[in-house]
Every structure is written in C-alpha cells, then in structure tokens.
Amino acid sequence: MIDLSKKDPDISHYKDIWVFIEQTDGKPAQVSFELLTKARELAAQRGCSVAAVAVGKSVSHLAEKVFKYGAERFYIIEDEIFADYRTEPYRDALCELVIKYKPEVFLVGATTQGRDLSGTVATALRTGLTADTTGQEIDPKTGYLWMTRPTFGGSLMATIYCPKHRPQMSTVRPGVFKAVEIENPKAGEIIREKVDFTEDQIVKKILKKVVSDEGTVNLGFYDVIVAGGKGMGSKENFAMIKELADLLGGTWAGSRMAVQLGYVPQSRQVGQTGQTVHPKLYIACGISGAIQHLVGMQTSDTIIAINTDPEAPIFDVSSYCIVEDAVKFLPKLIEKLKNTQRFGG
Amino acid sequence: MGDIRYDVAIVGAGPAGLSAAIVLAKAGVKVIVIERGRFPGSKNVMGGVFYTDCMKGVVDDFPGKAPVERHIVEQRMWLIDDESYVGFTHKNAKFDNQPYNCHTVFRAQFDKWLAQQATGAGALIINQTVVTEPIMEGDKVVGIRTDRPEGDIMADCVIAADGVNSFIAKSLGFRSNLKKNAVALGVKEIIGLDEKVINDRFNVSGSQGVTIEMTGSLFEGAEAMAFLYTNKKSVSLGVGMIIEDMIEHNINPNELMESLKAHPAISPLIEGGETKEYLAHMIPEGGYNEMPRLFGDGVMIAGDAAMMVNAVHREGSNLAITSGKLAAQTYLEAAEKGDFSADTLSVYADKLQESFVMKDLKKYKELPKLLQKNRHLLDKYPKLINDAAFELLKVDGISKQAKQRSIWKNMKQQIGFTRMLKDLYKIWRTVG
Amino acid sequence: MHILVFVKQVPDASQVRVNYETGTLIREGVPAILNPFEEHAVEEAVRLKDEHGGKVTVLTMGPPQASEALKQCLARGADKAYLLSDRIFAGSDTLATSYALYEGARKIIELEGDVDLFFAGKQAIDGDTAQTGPGIATRFDLPLVTYLIKINEINLEEKYVVATRLTEFGQETVKVPIPVFFTVEESLNVLSHSPLPYLIKAEKAKIELLSGENVNLDKQQCGLKHSPTMVKKAFTPEKRQRGATLSGTLDEVADQIASKIAPFLKKVS
Ligand SMILES: Cc1cc2nc3c(=O)[nH]c(=O)nc-3n(C[C@H](O)[C@H](O)[C@H](O)COP(=O)(O)OP(=O)(O)OC[C@H]3O[C@@H](n4cnc5c(N)ncnc54)[C@H](O)[C@@H]3O)c2cc1C
Ligand SMILES: Cc1cc2nc3c(=O)[nH]c(=O)nc-3n(C[C@H](O)[C@H](O)[C@H](O)COP(=O)(O)OP(=O)(O)OC[C@H]3O[C@@H](n4cnc5c(N)ncnc54)[C@H](O)[C@@H]3O)c2cc1C
Ligand SMILES: Nc1ncnc2c1ncn2[C@@H]1O[C@H](COP(=O)(O)O)[C@@H](O)[C@H]1O
C-alpha cells in the first residue's frame, strides 16, 4: 500500500482534471471519452487542463484517441502485472500517480471496474468520493466541483462537494455525457511512470475469465432495454422481446413476476431487488409498474409502455403510452422496424 | 436441537393473542407467540376505535404511553340513503373525563406497542412464521407445527388467536368455513388532513375526536355499513358489506368506497384530503350464532377466531382483548390443577358467558339473521325515513299535518301496516 | 473459521415517497429493513460455517433501532451481533463510515479473535454508493473481491479461497489468500427458511453494544464534521409527467412508435 505521509496536505497545490481511461485487454470503455469531453468543459471553467491516466499491460495505443477527446497529457503505467484488472495493483499505481502529480479532480466511470477501483483509491488517499453521479459543475465562486447524484432509487437528488480534501473524486454513470471529439486535436504530452512492485508481491491471482452473458448480464451497459412482464403471457412470447431488443442494439430484461414465472432469468430482473438501469430507451411490455419495478427504471430517458390496462401505473412514468395487447403489438412494431431498417424508412 | 417446549403456545399476535400473552407472562408462565407477519400489526395497517375498559388486568395504566390518536367525545349514528341521512348524535362532556371511554388508534402502531408490553413481561414473540397445524395426541392438542425447519412447539395448552380465518379452529373441526352471508368485506382508507382542518370540520379541539357510524343503502339500494373516525392528522373511512350481497348486487369494494366518498354528507368532511393507505379485510359478522366451539383438550379459541365481533357496535378488538385475558386466566387456574382437559378449560366458556362479551353477542345474536331474512329493513326503511325527514323539513306551503298523512300513506303502501308493526316488534326484541 | 459480516439497516427504498412541494423524502412510516444484499452475505457466512466450522459475527454502525437488523442476522444463524452506536458517528460519509467500521472490526478481532473472511453487501439500497466495503478492505489492506457470486473453494490449511465474481463482460474466478474481503451480489445464494430454534435464539440474544468510548477512535476521522464530502443541497428530480397516449389502429400506433425509435435501429451490415 501507499505511503500517505508523502501526500501533500496543502490543497492549493492540487490542480487539473484527470480522467481514468478504463480498458480491458487494451480495449477502452466508452465512458472514458464521455468523461474527457465533460472534463474539457469543467477545465475551461476552472482555467486548468485535462489529463488522462491509464494503467495496463499495453495502453500506449490509446494515446491518439485520448488526445482526440481533449486530453492535454496522458499519464501511462505499463507493465505485465497489469494485464488483467486487479484492484490492489491498479490502486497502488494510481495512488502513486496522484500523490506525485496532485490532480484537483479525478473522474472515473461508474462501471463495474470503476466502482471497484474508485472506492479503494479514495480510501487509500483519504479523500471524498461521490458515487454514480449524473451531473458535474464547477462552483464559479469557490471553484469546487459540484457533483450531483440520485439516491433512494432515483427518488432524491443530492449535490455533493468535497471542500477540504484532494483530489475531488467521483464516479460518473456511463451514457450521461456525450463523447465529442475536439476540432483540431493535437498530440499531447505522454508521461510514463514505473511501479516498483512485482508479481510475487500481489496476492490475488486470476484463475479463469469467462466472457458471457449467461447468468450474468450488466443491464446498465445498454442504451436500449426491452423488458417484459407477466402480461407477456408465456416464455415463448419473450422471443419478440429479444428480437426487438436485438433490432435496437439493446438487451432484454423482465419484471420480478416474469422472473418468478420462469420467463426471464433472475440476472435480467429490473427493480429494487434486481438491477437499476437508466438506458436511453426503456420499453416495458406487459409490466404493471409496481413501485419496486419503477425504482429500477424510472430514470430512463425515454420510456415506452405497452399495457392493456389504461390505468396501469407504468404509464405514469411513460413518455409514450400504448394501450394495446403487447403480444399483438410487438410483431407489428418489429415488422415496421425491419422495413425501416431495410429501406431506410 | 431438542424439543421446543413452552407452557402455552399462542397462535397470532393480534389483540387477543397479545393480551393472553401479557397476562400469562406477568404470572410467570413460559409463553411463546407465533405471528406470521413481519411484526405484530404489520397485517393490520389501519385505524379503528379502541375501548379502554377491556385493558383492566392487561395493561392497567392504559393508555399511558400507548400510541393513541384522539379520545372520542362525540358519536354520530346515521341512517343513510343515496344522497341524504337522518342522524342521531351524542356528545357528552363526560367523555372528556379520564380515563377516556375510547380512542382512535392505528393498529400497526398499537399492536406493536402491545407486543412490546408482552415481550417486556417476558413473553417470546416469533414473527414471520406460520402455524401450519395443531399437533395432536388423540383428541388432545399438545402443540403446534410451524412452517420452519425444526419448527414444532410442544405446549400444555394452545390458544388460537389467529383471526377471522382461524385455520386452527377449522382444522380442529370446531367450525366450518365462513359462510358467505356471515362475513363482510370491509375496505378502509386513511385520508390525510390537517389537524386544524379536522378540528374545524368536526368542531373539536385538542385530542378530542368524533366517530360516525353509518348504515343504510349507500349504493343502488344495497345494504352497507360504514364509518368515519377522526385521527390526529387523518380520518379513517371504511365501508363494509356482506359478501353475499356484494355478489348479488355485483358491486366491488372500490365502487362502494367511491360512492361513500362521493356521498354528500361525507365528501365535505374529507375534501382536500389525500389517501394515504388502503386496505381490504374480512370481518366476521355472524355474531353469536356463528361462534365455534371455544375450547377442547389443551386448546382455547379467542378473539376474531371465535367470531367475537359485535357487528352492531363495530367492536372487536375489545372483545378480543377480553377473551384473550379470560383464556389466560383459565389457563392459570388449570395450571394450578395441572389439568388441561376440555373439562377444566370449559371454565373459559363460563367466564365468557359472565362477561360483557357473551352478553352483548347474545343480545344481538338474532340481528344478522333478522337483517338477512328481512331485507326490506335496510333496503327500504332508510330510504323511507330519509324521504320522510325531507318531506317534513321542506317548507313548500303544504301543512305539516298533510305531510305526515302523506308520509304515513307512503309507508303503508311500501311496506304494509301489519308488516311495519311486526318489524318494530322484531327490532325491539333483537336490539332493545 | 471466523467470519465477520458488515450489515446495514436501510429504509425500504421502494416505500420512500417524495413530497414534491417541499422537495423532501417522506420517510414517515417507511419500514427499516436489513439491506437485501446483507441477507445473502449472512446466509453465505452461515453456510460456510456449517460446512467448515467456526463462527459468524455481524457488525452494524447505526442508531439503537438498528439492532432490529442485527436480530434478523441472528435469526439467519449468525452467532453474535455487535452494534456500534455513538452520536460521534452521526452524519458520516462513506470515508468516515469505513473508518468507524474498521475500528469496530478491530475491536471485534480483539474480543472474538482473528477474522478469516469479511463480508459486506455490494451496496446499500439507500445510498447506492458501493464504497463502504472497498473502504474497509483498504484500511485493513486486505485483498478485495467485489461482486461475489460464488465461493468455489475454501482451503483452511493452505489458507486460500477460490471465488467467482462478476465483471463487466462476464465472470472471473480468482484465488486469494485468507484473510480476504468480499462484497456480495444477491445471486450468491438463495435465501433459506431459517429453523425455528434460530429465531428463538435471536429473540433471546443480547446485542453487544460498542460506543465511541469502547473502540480506539481518532475523533478527527469521525462523523459529519470530519467527512470529506458535504451535501450542498438535496432536491427532488422533476416528477415524470405521464406522456401521450397514442391513439389509432394497431397499425397506426405501431407506425408512430416505429418512427420514434427508428434512430436506435442497429445498422444492417
Ligand atoms: C420486497 C419486494 C421486492 C420486489 N422487487 C422487485 C423487483 O426488483 N423488480 C420487479 O419487477 N418487481 C419486484 N417486486 C414485485 C412487484 O411488487 C410486482 O409484483 C412485479 O413487479 C409485478 O410484475 P409484472 O408487472 O410483470 O406483473 P403484474 O403486476 O401482474 O402486471 C402484469 C401487467 O400486464 C398487463 N397485461 C396483461 N396482459 C397483457 C397483454 N396481453 N398485453 C399488454 N399488457 C398486458 C396487465 O394489465 C398488468 O398491468 C418486488 C416485490 C417485493 C415485495
Ligand atoms: C374494517 C374493520 C374495522 C374495524 N374497526 C374496529 C373498531 O373500530 N374497533 C374495534 O374494537 N374493532 C374493530 N374491528 C375488529 C377488530 O379489528 C378485530 O376484532 C380484532 O383485531 C380481533 O383481534 P384478534 O387478535 O382476534 O385477531 P387479529 O387482529 O386478526 O390477529 C390475528 C393474528 O394472527 C396472525 N395469524 C393468523 N393465522 C396465523 C397462523 N397460521 N400462524 C401465525 N400467525 C397467524 C395474523 O397475522 C394476525 O396478526 C374492525 C375490523 C375491521 C376489519
Ligand atoms: N453503517 C453501516 N454499518 C455496517 N455496514 C455498513 C454500514 N454502511 C455500509 N455498510 C456495508 O457496506 C456495504 C455498502 O454500503 P454503501 O457503501 O453505503 O453502498 C453495505 O452493503 C454494508 O455491508
């Protein structure tokens, strides 16, 4: 672990906004570029610069893209021991960078990896961390970062700041900000660092990695979710749900009732005891909209509900309400969409 | 793990089960209460009127710190028709003297508090556990089985206080399934209002409160009973109807509630209020004639499980508390003899006979039947009486004498003179 | 084997409603429950204890009422429950919470012996931060395994655990030495119906109380005053308005919706 005594206690020495570039096997996560874009805006207000940081076995190839999205510097730590993501070595590498270069703000994507990492980094650095934010703003008076996040399943929003500790850290939900390239990208500065620990000092070993969505789906990963409930009537009818999801480049999910009836695996349940999602488009088919379901999806950008009952509570949160039999409606919709896809509308 | 043994096992942590538990635990008896809800009262979300007197010998300094809402100083009784009512109101300064006669309470809070009294006295309450059957040795009840692994509890005596649907009383063959005409379906709403608004609308102050009991034809001539109770910052509004009648008139509880809320006598009282909770519940209305056997070898039945509900006065929890207390006292006497046979436990029935519980239930025992056999009592009288009041009070140039004559004529036409006399006689015999 | 589970009592988020006029949460009458993820953590701990021997201790930091949540853990089969309760902890953010729990856990180690496995929930359903577990693990400098879905193997002689966790793209199986810190997913196990004797034991059990005085505290790291993050304001998101009800024949409605969602269509390759 890191030596905290080396951390500079004078917060006025900290400056610039850092974005963690998340990658798996060298493939970057989109949220990193969304954050770089947002960081540019914040840096303009704060009058500072934007830097990207990556740790991995091989990450140098990300430099071009990182600069395209507005980073002025790219801090890199490359080593064989970072081949797979592991909490402890990643933490220690990042902490050393932070202690050495003193960023004022450090943003991380609120992904599975980002959430795992940020909690331990923030604690190791003894600074504050605001999780899962959906809004970022610089207070024009103090220059502090205002971080806004939903709590209680989206029922309440809280704006949080971290006045006396540096860096000000937060994780940001994927998909909240748009990734936009800058007009005339310039190659920035690449700063390489080394770590002084070796594989035999790392106690955690990864034995096996399985890439699959069987039994383990991260619904939060998708922009479009098509979900079905008890009203779909049978497991067979979920073929339409899957087909529609596939057409829209999204994934499929269900209510707890649908899970209990065996239409959908538990790993795809949305709601209080399932996953909380906030896709750009959520299509609810034959779902009544019990509060336990709503808390898991009501922050979606656009909600379309199809239900035979005009009074179904799901309509209260829906952008478009369709009072129809979903089993009849979905094939029609799919047919129309396929035509559009083929003939461009 | 070995056998779980208690002196007394109680099924159900409602008022009946908890009062028995308190009395027993205070006497040093080893007692366990099994409740299927998440906590006592969790299935009883709503409010009602709770009478103080029955707490004597259970919690003597009641209400003390108990969570009560308002003490009732005024009771209104209304005979209602679709759009009118004729009422009788009793307000009495004596109701302002301590100890108060009755309070409105929220059952969820009240039952929780009562449960704390029981645990405080040394009873053990186990929640989220369902009793599935009595454990028998021949005809003798020797314990209860629960739905949990290693879930048998052996006991000298079992008190079934498991509410209206008493599974225990049924599985012992003490009673059959509820008859459709002996159970009412009640729906209740809690409607939030400002404390000041309530005080103004009901003309009360401080913790004073009002109850309104209504009966008559609320909805297309179908007989219903309804009530409104004032709480501190809300009113409880409820309406019930015998299930058979609901089926016959093809009414659902929602419609019933909506027409009550729209009734011109009720709507101004609840105007601007926000519905906070909604609940439907069964109320046994069969009264004395539907009561099951009350005891057997090693077992007693108390509260709603024994159909101890006074449909006329909408009392129930006080009968439950009293019967629980009497069952506990019976156990204590039996324990002295070391004998829990039906013979010894029959004292329970005697005690109930001597108490107000049976006296009241007996007094009204023919009422449900009377009402069922003579539909016109509630079908027609409320309307006739309301029409009559309207005619009498309307000033329209017709002399009062002429009005009385025409009302009388109308009544005779509608019901018949001899029939009317008979009805009056019957009602007097049943209720008077 | 000694297993320590960190549990939290939370308001049942599904029953919290919003007062849109005042912009606050209506918490009145909202029941407090044991955070659902911890039900699974305790379940797993008790299973492992049944299989390998040892004991399960649970710890919560919270107000006195939080002992209800501890009782639930005991009813699930935990052996001993500690409540860390002191006004000094009021208003703690996750950094201060993880500090308090770290010191509480150290006290428990002193009283109950070394801990082999630490469990926390993936996240608490009120704050949804998922930071406290990683925070405690960091303070102990323990290997951290988040999103645990399966314990594959425990080897007490050689002191290691093989476990499977969720990742963004699937699962991974890791081998870590004991002691180790896990945060758990609900799919870790299916909750069992506890035997009646557990429930009876839980009702009778004494909750062990720890206050700020009992544990070795650096007051400079406790409570609202020493939490790095501050709440500037809390507000209710704009209430979602019910949108348009689309009318027309099945065909027409399908047309309207198809054009609305066409931008999402996957490009045909
Ligand atoms: C502690 C707890 C936690 C819970 N957690 C969750 C959770 O995480 N997620 C969750 O989803 N639920 C959860 N629930 C359950 C929740 O309360 C509801 O029971 C559940 O969401 C209902 O699922 P549903 O909408 O599919 O079914 P229903 O409520 O039965 O609704 C079916 C709907 O389909 C409509 N319908 C019927 N036929 C058709 C048709 N042909 N075409 C179109 N519409 C049709 C009906 O009008 C109805 O509205 C939880 C409950 C509890 C107590
Ligand atoms: C709408 C309505 C309004 C009322 N208003 C009033 C009023 O104003 N004043 C008044 O005095 N009375 C009123 N009553 C009647 C009163 O509520 C009941 O008479 C009283 O609650 C009876 O108490 P009890 O203990 O017998 O049964 P309950 O309160 O029903 O308790 C039975 C308990 O047993 C539990 N249980 C059942 N089966 C099992 C099992 N197998 N295993 C474990 N646990 C089990 C249940 O969960 C429940 O907690 C009203 C009733 C209704 C429905
Ligand atoms: N006050 C607390 N007492 C004990 N455990 C806690 C407390 N707060 C959080 N935890 C644990 O940390 C996990 C994550 O919580 P959170 O960081 O609030 O999402 C929870 O699931 C608990 O296991």
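The model is a predicted one.

Stay with chain C for a moment. Its fold has 6 helices and 15 strands. The C-alpha trace spans about 70 × 45 × 40 Å along its principal axes. The chain has 269 residues, and buried residues make up 59% of them. Now take the contacts in chain C with a separation of 6 or more. Residues 24 or more positions apart account for 71% of these.

Next comes ligand 2 and its surroundings in chain B. The ligand is surrounded by 31 residues. The closest are B:Ala16, B:Glu35, B:Val49, B:Asp304 and B:Ser317. Two of these names return in the polar contacts. B:Ser317 places a polar side-chain atom 2.5 Å from an oxygen atom of ligand 2. In the side chain of B:Asp304, an N or O atom is 2.6 Å from an oxygen atom of the ligand. The side chain of B:Arg107 also takes part, with an N or O atom 2.9 Å from an oxygen atom of ligand 2. On its own, ligand 2 has 1,000 Å² of accessible area, and the protein covers 93% of it.

Which elements of chain B give two or more residues to this shell? They are α1 (15-26), β3 (47-51), β15 (274-284) and α8 (317-337). The largest share, 3 residues, comes from α8(B). By type, the shell divides into 12 nonpolar, 11 polar and 8 charged residues.

Ligand 1 takes us to chain A. Around this ligand there are 25 residues. A:Lys230, A:Ser255, A:Gln269, A:Ser288 and A:Asn307 come nearest. Backbone atoms also approach the ligand. A backbone N or O atom of A:Arg256 lies 2.8 Å from an oxygen atom of ligand 1. A polar backbone atom of A:Ala326 is 2.8 Å from a nitrogen atom of the ligand. At A:Gly231, a backbone N or O atom lies 3.5 Å from a nitrogen atom of ligand 1. Taken alone, ligand 1 exposes 990 Å², and the protein buries 75% of that.

Two or more residues of the shell around ligand 1 come from each of α6 (256-260) and α7 (291-294) of chain A. How do the residues of this shell divide into nonpolar, polar and charged? The shell holds 6 nonpolar, 14 polar and 5 charged residues.

Note on methods
Residues are numbered from 1 along each chain as its sequence is written. Chains are lettered from A and ligands numbered from 1 in the order in which they are written. This is a predicted model: local features need pLDDT of at least 70, side-chain atom pairs count only at pLDDT 80 or more; totals for chains, interfaces and linings use all residues. Side-chain values use heavy atoms; hydrogens and water are left out. A residue is near a molecule or strand if one of its heavy atoms lies within 4 Å of it. A polar contact is a pair of N or O atoms within 3.5 Å; within protein, one must be able to donate a hydrogen and the other to accept it, and residues adjacent in sequence count only if both atoms are side-chain atoms. Accessible areas come from the Shrake-Rupley method with a 1.4 Å probe; for residues, only the protein chains shown count as cover. Helices (H or I, at least four residues) and strands (E, at least two) are DSSP runs, numbered from the N terminus. Ala, Val, Leu, Ile, Met, Phe, Trp, Tyr, Cys and Pro count as nonpolar, Asp, Glu, Lys and Arg as charged, and the others, Gly among them, as polar. Buried means under 20% relative accessible area, exposed over 50%, partly exposed in between (1.4 Å probe, protein chains only). Contact means heavy atoms within 4.5 Å.
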